[in-house]
Structures are given as C-alpha cells and as structure tokens.
Amino acid sequence: MSVKIRLARRGRRKMAIYDVVVADARAPRDGRFIEKIGSYNPNTNPASININNERALKWLLNGAQPTDTVKAMLSYRGVMLKKHLQIGVLKGAITQEQADAKFEAWLNEKETKIAGKTEGISAAKAEARKKALDAETAKNQARLDAIKAREDEQKALLAAAEAANNPAPAEEAATEEAPAAEAEEAPEAGEDEAKA
C-alpha cells in the first residue's frame with residue numbers, strides 16, 4: 001500500500017480551504033484518509049499553513065510520499081530540512097545537537113522573513129488606505145469649492161438683478177436732491193439782486 005501526504009479540499013465555492021492528510025494513494029481526493037496532520041488556507045496573505053511537524057516528520061521517515069504542493073509546504077515549514085538533518089544523524093554524519101542548532105538557526109531566519117513580509121503587507125495596506133483617504137478628501141474639497149463658486153455666482157447674479165430692478169429709486173433720489181439744491185441757490189441769487 002502506497003501512502004501519500006496530500007491535500008483534501010473543503011470550504012465553500014471559490015473560497016477553498018484544504019486539509020493536509022495522510023491517505024492511501026488509491027483513496028479519492030476528499031475521501032477516506034489515515035490521519036489529518038494539518039490545514040492550508042490560501043485565501044489569506046501570506047497563506048496560512050498549520051501542520052503538525054512531528055507527525056509529518058514521522059510519516060516522511062516511515063516512507064510516505066508528499067505531493068508536489070505538500071512538499072513545498074513542508075519545505076516552507078522546515079519539515080523537509082528536519083528530515084534531511086535527521087537522516088544525517090542516523091547515518092552518523094552529524095550529531096543530534098548540531099542538527100538541532102542548524103534547524104533552530106534556519107527557523108529563526110524563516111520567522112524573521114515571515115514577520116517582515118507580514119509587516120510589509122500591513123504597511124502597504126495602510127499606505128493604500130491613506131492615499132484613498134487623501135484622494136477622497138481632495139475630491140470632497142473640490143466639490144465644496146465648486147459649490148461655493150456656484151453660490152457666489154448666484155449671489156452676484158442676484159445682486160446684478162437687484163441693481164437692474166432698483167436703479168430707478170436711486171436716480172429718483174438723485175433727481176429729488178438736485179432741484180432742492182437749485183432752489184436753495186436761487187433765493188440766494190434773488191437776495192443778491194435785491195440788495196443791489
């Protein structure tokens with residue numbers, strides 16, 4: 001019986017989530033399996049990979065063959081490196097302490113890379129959100145400026161219309177003042193003639 005470590009699909013349409021299972025190679029993809037050792041969610045960024053490393057290593061050392069996708073995920077999680085180091089320990093090439101030290105150094109470097117990627121993604125999202133907010137603010141300000149310009153235009157038109165409708169009272173007031181001034185000047189002139 002050939003044993004495979006592979007993915008079994010679950011989740012809703014267009015939002016697939018996968019279980020990492022150990023199954024007989026002859027079993028259907030979503031069918032019977034021997035053991036579930038983890039899950040994989042490609043919908044998050046970065047993708048979420050949760051695998052029981054000890055169980056996966058046990059199955060690999062017992063001869064289970066991972067599919068290409070699962071092999072890439074196991075490499076990402078360090079299980080394939082741990083298998084390689086464990087085989088070196090079994091052959092006597094290195095000691096268990098050296099293998100553990102190499103694996104810990106690799107694991108720390110990998111976690112640093114993952115944290116850097118996560119921070120980069122969150123920073124990019126924050127920057128995109130800030131740009132969108134600035135663009136929206138600029139658009140709203142332009143809209144407010146256009147509304148204010150329209151209101152100023154309407155006020156100017158109303159003032160012009162009032163000036164066009166009300167020039168007669170201003171002219172009448174000017175004409176009323178002019179005859180009164182002439183009338184005042186006329187008696188003074190008459191008084192000068194009378195004195196002469």
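This report walks through the fold, cores, helix packing and loops of a predicted model.

## Ground rules

Residue numbers start from 1 along each chain as its sequence is written, and side-chain values use heavy atoms, with hydrogens and water left out. Because the model is predicted, local features need pLDDT of at least 70 and side-chain atom pairs count only at pLDDT 80 or more, while totals for chains, interfaces and linings use all residues.

## Overall fold

Let's begin with the chain as a whole. The protein chain has 5 helices and 5 strands; these are DSSP runs numbered from the N terminus, with helices being H or I of at least four residues and strands being E of at least two. In sequence order, the pattern reads β-β-β-β-α-β-α-α-α-α.

The protein chain has 196 residues, and 22% of them count as buried. Here buried means under 20% relative accessible area, exposed means over 50%, and partly exposed lies in between, using a 1.4 Å probe and protein chains only. Among contacts (heavy atoms within 4.5 Å) between residues at least 6 apart in sequence, 37% join residues at least 24 apart.

## Nonpolar cores

In soluble globular proteins, nonpolar side chains tend to be buried together. How many residues does the largest nonpolar core have? The count is 19, and the residues with the most contacts inside this core are I5, V20, I37, I51, W59, M73 and L74. A nonpolar core is a set of buried Ala, Val, Leu, Ile, Met, Phe, Trp, Tyr and Cys residues joined through side-chain atoms within 4.5 Å. Helix α1 gives the most, with 4 residues. Apart from this core lies another, of 5 residues, including L85, V89, I94 and A99.

W59 deserves a visit of its own. Leaving aside neighbours within four places in sequence, W59 is in contact with V3, I5, V22, I34, E35, I37 and A64.

## Helix packing

Angles under 35 degrees count as roughly parallel, over 145 as roughly antiparallel, 65 to 115 as roughly perpendicular and the rest as oblique. Helix α3 (residues 79-91) packs with helix α4 (residues 96-165) at about 165 degrees, their axes 9 Å apart, so the two are roughly antiparallel. From α3, L81, K82, L85, Q86 and V89 meet Q96, A99, K102, F103 and W106 of α4. This contact of α3 with α4 has 6 nonpolar, 2 polar and 2 charged residues, where Ala, Val, Leu, Ile, Met, Phe, Trp, Tyr, Cys and Pro count as nonpolar, Asp, Glu, Lys and Arg as charged, and the others, Gly among them, as polar.

The axes of α1 and α3 come within 10 Å and cross at roughly 55 degrees, so this pair is oblique. N53, A56, L57, L60 and L61 in α1 meet V79, M80, K82, K83, Q86 and I87 in α3. By class, the α1 contact with α3 divides into 7 nonpolar, 2 polar and 2 charged residues. Helices α2 and α4 pack at about 105 degrees with axes 10 Å apart, and are therefore roughly perpendicular. S75, Y76 and R77 of α2 make this contact with W106, K110 and I114 of α4.

## Loops and local geometry

Most residues other than glycine have a negative phi, and most peptide bonds are trans. Which two residues are joined by a cis peptide bond? They are N45 and P46, with omega about -5 degrees; P46 sits in the loop between β3 (35-41) and β4 (48-51). K14, in the loop between β1 (3-12) and β2 (15-24), has a positive phi near 65 degrees. K14 counts as exposed because its relative accessibility is 73%.

R26 lies in the loop between β2 and β3 and, at 67% relative accessibility, counts as exposed. R26 and S2 are 24 residues apart in sequence and 8.0 Å apart in space, C-alpha to C-alpha. E104, in helix α4, counts as partly exposed at 42% relative accessibility.

Technical notes
Axes are lines fitted to C-alpha atoms, for helices over the stretch in contact, and angles run from 0 to 180 degrees between N-to-C directions.
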